[in-house]
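Here is a note for a colleague who has the coordinates open.

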Amino acid sequence: MADSLFSQLVGLSAGALLLSAVFLVWRRTQSGSIRLLSLQGVALATLVALIGVHRANFETFAVALLVLLLKGVLLPVLLTRSALRQGEERNTPFMNPTAALFLVALLAVLAYVVSRPLAILGSGPTTQVIPVGMTLVLIGFLLLATGRHAIAQLVGFLVLDNGIATVAFLTAGGVPLVVELGVLIDVLLVVLILRVLTGRIRDVYGATDLDDLTELRG
Amino acid sequence: MNTSAVLLALLQIIVMILITPFLIGLMRQVRNRLEGRVGAGVGQPWRDLRKLFAKEPLRAPGTSWIQAGGPVLLMVSSLSVCALVPLISTLQSRLIPGDLFVVVSVLLLGTVALALVGLDAGTAFGGMGSSRHMTIAALVEPTVLVAVFALSVPIGSSALGDIVRARIVDPSSIISLVSLLALVALGIATIAETSRMPVDNPATHLELTMIHEAMVLESSGRDLAWLELGSWLRLGALLGLIGSLLLPWGMATEPKLLAVLLGLVMLAAKLFVLASLLSVTEVFLAKLRLFRVPELLAGSFVLALLAVIASYLLEAR
């Protein structure tokens, strides 16, 4: 693959990752968030597949397929099902979207500054978009900190995980298949456990608003 | 070089004046057809303008010279923008370059003129409209600046003509990350600036949420005609700018008759395509609550800022 085309495509898929994260902060309805998360998973899989094709590495390509299946399809489906069971709740975050969006801009600047030393190390197109992965990590933290419902926090956690995976793929050019498999299954397990937990919380308290859980009940 | 640039600027002004009413007519017609109505035809805005220009302006007692001067100022600002933005050719007069900051400040001049016209008669609606218009303008202008700035970083020049010329030379930069982010931000900013659908409903009168229509309520006759034509030209010029940045092909890079003619045809085609697209998307959108508009504009500002960050990021190779 031509180098310029590769760097262009890497830039575009990194842009899709970034855009989906920004829109996740912006649009906070449950079904919308889950759709954006699935889009982000597809973008991440595209990025990994691009790296695989560029290095002519079959293993990375297999990892891309795994990422696509798990983050693009399976996790969103799981989240949608638990969201459906609980009915569409409007997720009103702790922070109004305008302030959150400006915070995202600040976080992006911060990520850029922080990952500057990393970006200088390499010269390829993949090292240049490392700040995007960092931004994803920070946005994930933001979503985790400001989400009010369990599902919203789960989405934040998955964005955080996507960010970490992005940085890993961009810096190391892919991890061995076994390691990646382990990480992906870990994430899947976490989501499953949290899903069961949300179901239990809802059964006991009627809603998954975590604000209601601050008091002890006898 | 310089005289031809001035002549081209004049040509742009004349062409834009001729085209934009049809552009507005087309947008209304597309909307009407999609909503199952017959529509008044593409030429209706021209007929409206002719009618308004023939009427004497009625000015309420107590209004000042702003009621007559504001519309002219808006018109002058819109015409200057049409001359400065590269629409037909990328050639620019050396005297007044089509610099990004010049264009935005000239745009702002028109915004202020329109807001003053709204305030002048002292009616409740006018004041409300002006206040909203200024709120939106304060949020939009930085976005326009930052978005185009992101495009100017890789080129090293803030002249719009240079930016567009660099895109003709290297078309692959159009689908780059920076350019896409900046264009989305610029698109949202254009919609807000020209009071189009999710921000303001251009088709309603006497609604508590209106912005543009509230400001022009007190104007009539010639004054109203200038205001309407000025606002349409703003929309046309901004759409044209997006068209030039998105699809720069066919624009004249040298002052030759054939190239200019091709640029002219391409400009008309680009404008009509973009306007129809805008109109089709508007059919599917509901107007945003006024208090959620800053959210939309903050979003577009963040996109523009991300574009700037990305442009520095991809520059550091």
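1. Helices (H or I, at least four residues) and strands (E, at least two) are taken as DSSP runs and numbered from the N terminus. On that basis chain A has nine helices and zero strands, and its elements, read from the N terminus on, run α-α-α-α-α-α-α-α-α. This is a predicted model, in which local features need pLDDT of at least 70 and side-chain atom pairs count only at pLDDT 80 or more, whereas totals for chains, interfaces and linings use all residues. Residues are numbered from 1 along each chain as its sequence is written, while chains are lettered from A and ligands numbered from 1 in the order in which they are written.

2. On overall dimensions, the C-alpha trace of chain A spans about 60 × 35 × 25 Å along its principal axes. Of its 218 residues, 46% count as buried, a residue being buried if 20 or more other C-beta atoms, placed from the backbone, lie within 10 Å of its own. Among contacts in chain A with a separation of 6 or more, 73% join residues 24 or more positions apart, where contact requires C-beta atoms, placed from the backbone, to lie within 7 Å.

3. Helix H4 (residues 97-114) of chain A packs with helix H7 (residues 130-146) of chain A at an angle of about 140 degrees, the axes being 8 Å apart; axes are lines fitted to C-alpha atoms over the stretch in contact, and angles run from 0 to 180 degrees between N-to-C directions. H4(A) is therefore oblique to H7(A), since angles under 35 degrees count as roughly parallel, over 145 as roughly antiparallel, 65 to 115 as roughly perpendicular and the rest as oblique. Residues making the contact include Leu103(A) and Leu107(A) of H4(A), together with Leu138(A) and Leu142(A) of H7(A). By class, this contact has 14 nonpolar, two polar and no charged residues, with Ala, Val, Leu, Ile, Met, Phe, Trp, Tyr, Cys and Pro counted as nonpolar, Asp, Glu, Lys and Arg as charged, and the others, Gly among them, as polar.

4. The contact between the chains takes 22 residues from chain A and 17 residues from chain B. On the side of chain A that touches chain B, helix H1 (3-26) and H4 each supply at least two residues, and that side has 15 nonpolar, seven polar and no charged residues.

5. Ser195(B) lies in the loop between helix H7 (177-193) and helix H8 (212-215) of chain B, and counts as buried because it has 23 C-beta neighbours inside 10 Å.

Key: Two residues are in contact if their C-beta atoms, placed from the backbone, lie within 7 Å. A residue is buried if 20 or more other C-beta atoms lie within 10 Å of its own, exposed if 12 or fewer, and partly exposed in between; C-beta atoms are placed from the backbone.
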